[in-house]
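Colleague: Could you take one chain of this model and go through it closely, starting with where it meets its surroundings and then moving inside?

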Amino acid sequence: MAIDFKPTGADLELVNVRKDFPGFTALQDMDLHIPAGEFFALLGPSGCGKTTTLRIVAGLEEPTAGQVLIGGKDVTATKPHERPVNTVFQSYALFPHMTILENVAFGLRQRKIEDPLKKAMDALNLVELGYAAERRPQQLSGGQQQRVALARALVNRPALLLLDEPLGALDLKLRRQMQIELKAIQMEVGLTFLHVTHDQEEAMDMADTVAVMNKGHIEQMGAPEALYERPKTAFVSKFLGQSNLFVGSIADSSASSLSIEVGGHKITVPKDRAEKQTGKICIGVRPEKTTFHRTNPKLGSDHVVVGPGEIIDIRFTGVSNQYLIDIPNVGEVTVFAQNVGISPVIELGEQVWVSWKVEHSFGLSDLPAGNEDE
Amino acid sequence: MAFAAFGSSPAKEHKSPTKSSKIVLALLMPGLVYLGLFFFTPLFSLVVTSLEVPAASGGIGEYEYGFAWENYVTAFTTYLPQILRSFMYATIATVIALLISYPLAYFIGVKLRTRPLLQRLMLVLVIAPFFISFLLRTIAWKQIFSDGGAIMQTIYSLGLMDKSEHFLGTDAAVIFGLTYNFIPFMTLPLFTTLERFDVRLLEAGSDLYASPAKVFRKVTLPLSMPGIISGTLLVFIPIAGDYVNAGQNFLGSSKTSMIGTIVDSEFLQTQDYPIASSLSVMLMAVIVALVGLYVRSSGTDDLL
Amino acid sequence: MKRFSPGKLTLPTYSFLAMAFMLIPIVYTIVFSFNDSSQRTNTEWQGFTLDKWFGVCAKPDVCQALGNSIFIGVVSTLIATVLGTALAIGLVRYRFRARSLVNLALFLPMATPEVVLGAGLAGLFFNAGVGAGMTTVIIAHVVFCLSFVVVTVKARVQTLDPVLEEAGRDLYANPTQVFWKITFPLLLPGIISAALLSFSLSFDDFIITYFNSGSVETFPKYVYVAAARGVPAEANVIASAVFLAAILIVLGTQINGAIKRKRLARK
């Protein structure tokens, strides 16, 4: 079968894909569309089904139900070696019995492309490893192996490049550097990238679109900023960054906003930022959007104020300080304050109030675990 | 179980093996059918033969189907001395081989870890005897211990033995040969176990138990049990069935014949197939029982 | 620096003595391959000569036996290696219900005394009316070589990461190409050591061969029969040559491996 190679990548579509393993369901009714040329990240904790999704796209795993379409063509029944897809494996999976150059030329040779060694060399130069062409994989460092794995996949100009936690084995510094390189290469070659990771920073930094997966399905999908600013579920709000969540029944509703009452405090969210507008709802705010005050700030209705509460923990993390405040009948609230030297010096045990702008509140479509509707 | 030393050391088993019954069948069937035809059928045929009765026509070596379980009684009572001797030789030789091999395997597997090249060299020397004819090695010992040889001459001149006495042909000579020939089969599995042994446990042990003897008894020995059991099986079993060392042209005499000697002569000379077969079946039964004990304690995954 | 203490030397000294003991008959056999024993049997030292090495086939039956042994060894190793490699891959890579039964079935031939297997096969061939000869010896040798091949190759398959094969499939290699370009080359060191082991087991086997070879002479059979009247030095020459060849191969691979590991460790 001839493999259709598009110079600029192709779009990927998953339709109702389901995958059952003996004893559990890894994926349920997964629908996904990735436009051509996009850098798409699947983000989720281990066991959420993201790697299974990737393996199904690569053809290494067969879906129990559903369809996989690449460039509009149904490839569900196509074998991995017949798909215009290449993978950068988590463990790199470089062939230890071949030189670096032969590793990169492997796919070209299989497809009987002319001049495989020259093209392989070009790809190695792209990842700045031309000088290592004759070495064996075992002689390279982790970061170098990772780049070889990338070159070995890219050189085939696949319609779709799959990256399975490709940076997972690198140390933090190298990882950040590779993120930048990877993004630059993707812009340069213009291929569709499907990147699987459990590192939220990595996903948000590199991807055009991030899909957060949990328990075999996609919780929420969108641009990194949108996901961060308006998480729609408790899982996303907690997995992507940190959140303070407040659960209560709707106590007040105006034309533009909703409020719940928690421990005697009124917590308000704009209606256009609330997923659920009836009954018991959950309202959240990011810790860096909050500030604390030594006295009750008595702000207007465009702010939410809770407190007073006691500071029970202070953590210095470098760029910011993290304060944990225990507010009676409300619970613990986290506040991040930029470490710019202008925040009030505050001690453990002090009484403070916490405030944020209503426009920074977000209303979730579900409730955090343990707060299900009675 | 024991020969991992020949390859690389096994890594963890990979999870999520693909399951495709067709491929499994294609991979396993040829080998299993082969074993079925040429290993299990012969064992079954031994059982059938062991119960046969002499043919009515009465020719030597001619037998017909029967159910003469008394063959077993005859074989057992007639050859009880050989049966007992075989298992005695096997027990003594296995114990000595273990005592000789353990420190050696410990030295190669634990002490030489920091010197991989020397470790590899020593390992090659351990298996070196495999590459030279087992019969010639035994003959070499025979000549070394011959009455005219330097060793026996020294012993005679020191008056340790009377000139009318000989070393060759004695139980001791046969046990010596058996032990020598099977030491590598004991050293290798011990080495494979000790090689993976975490020395930090010893340090932890000496921290907790203080005395080296106690550390050995409470930490080292229990952890080397898999190797000890493998080695014991690999040495005991072939020794119980061997008869070359005990042969009159090798280290033994007419007084050292073993089960194998009888099977050989009953089968190839006397052509008393039922008796030869019932002896073989009895030997095999003991071995299957030993393997069964091992499987019950350790499962089958580490057998190979 | 470590302090000098006699206790620390006990174990190394013992180990080197034990090794020396293991090597005594080997050295003896090699030395006596140079014995000028034309007039008498090769039991006493009578002077150095290279004649036996250059004229091994002066006793044609030794060379005939050697040729047979090599032929039997090669053919049974080929068969055992192919069957055993397939079994090893199947056992490591696939989970199936009869696994422990298969493990047991493969272990039993290793645990069966040679005399039992020899007599059993001889009885089977006799009952089936198959005359003992080259074919029956080869059939018998494959039986006991097979399990050893499985053990050796299995250890290698266990170190082979299946993701490498997936990478091959991902890079446009069909299953056959994946096997020959990735799986097979990576298993090759294990397959080679299995084949060497299998050959040496077959080459050195006496008891099972004795029961199943009829009139076919093999090297161990020759030595066994000759033991009654004295083994000629030509047999020592052959055994020594085989030993030296084998030890060179093994030493070569082991040293090579150790050097490679060292070089990698330094990186």
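**Chain A and its surroundings**

Modeller: Chain A meets chain C through 17 residues on each side, counting two residues as in contact if their C-beta atoms, placed from the backbone, lie within 7 Å. On the chain C side, α7 (162-170) and α8 (175-204) each supply at least two residues (helices are DSSP runs of H or I of at least four residues, strands runs of E of at least two, numbered from the N terminus). With 6 residues, α7(C) gives the most to that side. The chain C residues that touch chain A comprise 10 nonpolar, 2 polar and 5 charged (nonpolar: Ala, Val, Leu, Ile, Met, Phe, Trp, Tyr, Cys and Pro; charged: Asp, Glu, Lys and Arg; polar: the others, Gly among them).

The model is predicted, with local features requiring pLDDT of at least 70 and side-chain atom pairs pLDDT 80 or more, while totals for chains, interfaces and linings use all residues. Residues are numbered from 1 along each chain as its sequence is written, and chains are lettered from A and ligands numbered from 1 in the order in which they are written.

Chain A has no contact with chain B, and the closest C-alpha atoms of the two lie 10 Å apart.

Turning to chain A itself, the chain holds 8 helices and 20 strands. Its C-alpha atoms fill a box of roughly 75 × 45 × 35 Å along the principal axes. Of its 374 residues, 42% are buried (20 or more other C-beta atoms, placed from the backbone, within 10 Å of a residue's own; exposed means 12 or fewer, partly exposed in between). Among contacts in chain A between residues at least 6 apart in sequence, 66% join residues at least 24 apart.

Two of its helices can be taken as a pair. The axes of α2(A) and α3(A), the latter spanning residues 116-126, come within 8 Å and cross at roughly 120° (axes are lines fitted to C-alpha atoms, for helices over the stretch in contact, with angles from 0 to 180 degrees between N-to-C directions). From α2(A), the residues involved are Ile100(A), Leu101(A), Val104(A), Ala105(A), Leu108(A) and Arg109(A). They meet Pro116(A), Leu117(A), Lys119(A), Ala120(A), Met121(A), Ala123(A) and Leu124(A) in α3(A). The residues of this contact divide into 11 nonpolar, no polar and 2 charged.

Most residues other than glycine have a negative phi. Ala93(A) has a positive phi, near 50°, and sits in the loop between β6 (85-88) and α2 (100-110) of chain A. Ala93(A) counts as buried because 26 C-beta neighbours lie inside 10 Å. Asn329(A) also has a positive phi, near 65°, and belongs to the loop between β17 (320-327) and β18 (331-338) of chain A. Asn329(A) has 10 other C-beta atoms within 10 Å and is therefore exposed.
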